[in-house]
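This report describes selected local features of one protein model. Please keep the sequence and the structure at hand while reading.

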Amino acid sequence: MTDINYIPKIVCFGEVLWEIFPTYKRIGGAPFNVAYHLSKMGIYTSLITRIGHDEYGTKILDRLNQVHIKTTSCQTDNLHPTGSVFTSFDEHNEAIYDFSTNSAWDNIELRAEDLELIENADAFVFGTLASRKNLTRTTLHQLLEAATYKVYDVNFRPPHYEMGFVIELMHKSDLIKMNKSEMKQILDHIGKVYTTDQENIKHIQDHFNCNELLITDSSKGGMYVYNNTTYYFPAVPIVIRDTVGSGDAFLAGFLSEKIKNDNTYDIVKKASALGAFITSHTGACPDYDLDEFLDFYTTTIYEDKLIKVTEHNVI
């Protein structure tokens with residue numbers, strides 16, 4: 001029987017930084033975005049990261065406290081500055097990222113209290129970017145040994161990844177989230193031809209012995225794969241204001257439901273709804289409360305029945 005008083009706990013790991021755009025700046029980084037939405041969904045959320053002993057770092061701590069993300073696992077670095085990324089857009093409106101080098105989050109250290117935190121968490125979420133340097137990469141390896149449910153958000157940011165290490169992380173993961181472009185790169189690396197959805201999925205599952213996949217496909221929706229069944233889901237039709245961070249919101253919605261509920265339809269529905277809700281706002285982490293989202297979730301998903309999950313057996 002589920003303890004109704006139990007509060008689910010999720011730990012996110014990696015970069016939190018300042019995103020600097022041509023006309024404004026904001027706090028971001030995929031781990032922060034995921035943690036932000038998890039906290040909004042009522043999950044006890046911690047973020048293992050590292051910031052500089054500087055003004056940018058102080059503002060990040062203030063923001064984490066403001067949105068109820070636990071900061072006891074946030075390390076402070078006296079030698080390296082808080083991370084930043086300069087973001088511009090090409091002629092196709094695709095984002096171009098220029099990350100600062102040797103930032104505080106490149107130097108996340110292993111601490112006993114973080115190992116204990118992860119051992120007692122329902123999920124441990126990590127990505128690729130934070131592991132571009134050896135110290136943070138080594139720390140991640142050790143933290144993964146303590147995690148019971150390891151969630152890898154592949155999220156490539158060229159040129160800040162090595163495919164060999166990506167493969168290592170995939171082998172260690174319980175749930176892998178990627179988009180179709182990332183899946184193609186991974187299949188190319190392991191010597192498999194990118195063909196049909198079901199063949200691609202089978203190759204990934206067999207090679208990495210991973211029974212659970214989330215594959216997003218931009219405006220087309222995506223797929224959730226569990227064991228030998230693939231659930232297709234369309235995107236929720238909404239007026240798009242900003243697609244930045246929608247994948248992070250999708251993952252947060254997915255995990256916030258999965259750790260409380262084993263109904264696949266409800267899990268995928270929550271994920272799609274939160275991703276769409278954030279896309280209908282400006283920014284990856286707009287200000288909102290849970291009641292506002294639940295109103296959107298109820299009226300958009302239940303009444304209009306925009307989400308349909310189709311079961312499809314892998315052959």
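R111 forms a salt bridge with E113, and the closest N and O atoms of this pair are 3.6 Å apart. A salt bridge is here a side-chain nitrogen of Lys or Arg within 4 Å of a carboxyl oxygen of Asp or Glu. Side chains of opposite charge can pair when their charged atoms come close. E113 has a relative accessible area of 45% and is therefore partly exposed (buried means under 20% relative accessible area, exposed over 50%, and partly exposed in between, with a 1.4 Å probe and protein chains only).

The model is a predicted one, in which local features need pLDDT of at least 70 and side-chain atom pairs count only at pLDDT 80 or more, while totals for chains, interfaces and linings use all residues. Residues are numbered from 1 along each chain as its sequence is written, and side-chain values use heavy atoms, with hydrogens and water left out.

**Salt bridges**

The count of salt bridges comes to 19. Among them are the pairs in the table below, which gives the separation of the closest N and O atoms.

| Salt bridge | N to O separation |
|---|---|
| R111 and E113 | 3.6 Å |
| K184 and D188 | 3.3 Å |
| K202 and D206 | 2.8 Å |

K184 and D188 both belong to helix α6 (residues 180–189), where they are four residues apart, about one turn of the helix. Helices (H or I, at least four residues) and strands (E, at least two) are DSSP runs, numbered from the N terminus. D188 is partly exposed at 45% relative accessible area, and K184 is also partly exposed, with 38%.

What separates K202 and D206 in helix α7? The two residues are four positions apart in that helix, which means a separation of about one helical turn. K202 is partly exposed, at 31% relative accessible area, whereas D206 is exposed, at 51%.

**A charged patch on the surface**

D289, D291, E292 and D295 gather on the surface in a patch of negative charge. Patches are made of residues with over 30% relative accessible area and no salt bridge; like charges are joined within 9 Å, and nonpolar side chains (Val, Leu, Ile, Met, Phe, Trp, Tyr) within 5 Å. Lys and Arg count as positive and Asp and Glu as negative, while His and the chain ends are not counted. The place of a charge is taken as NZ of Lys, CZ of Arg, CG of Asp or CD of Glu.

**Cysteines**

How many disulfides does a search of the whole structure find? The search finds zero disulfides, a disulfide being a pair of cysteine sulfur atoms within 2.5 Å. For C12, the nearest cysteine sulfur is that of C285, 11 Å away, and C12 is in no disulfide. C285 is likewise in no disulfide, the nearest cysteine sulfur being that of C12. C12 counts as buried at 1% relative accessibility, and C285 is buried as well, with a relative accessible area of 16%.

**Backbone features in loops**

The peptide bond from P158 to P159 is cis, with omega near 0°. P159 is placed in the loop between β9 (150–153) and α5 (163–172). That loop between β9 and α5 also holds N155, whose phi is positive, near 45°, in a residue other than glycine. Is N155 buried or exposed? With 18% relative accessibility, N155 counts as buried.

N102 is not a glycine either, yet has a positive phi of about 50°. This asparagine sits in the loop between β7 (95–99) and α3 (112–119). At 34% relative accessibility, N102 counts as partly exposed.

**Contacts between separated positions**

I201 lies in helix α7 (residues 197–208) and is buried, with a relative accessible area of 0%. The C-alpha atoms of I201 and L213 are separated by 8.3 Å, and the two residues are 12 residues apart along the chain.

H281 is in the loop between α9 (264–279) and α10. At 17% relative accessibility, H281 counts as buried. From C-alpha to C-alpha, H281 and I240 are 7.6 Å apart in space, while 41 residues apart in sequence.

Technical notes
Accessible areas come from the Shrake-Rupley method with a 1.4 Å probe; for residues, only the protein chains shown count as cover.
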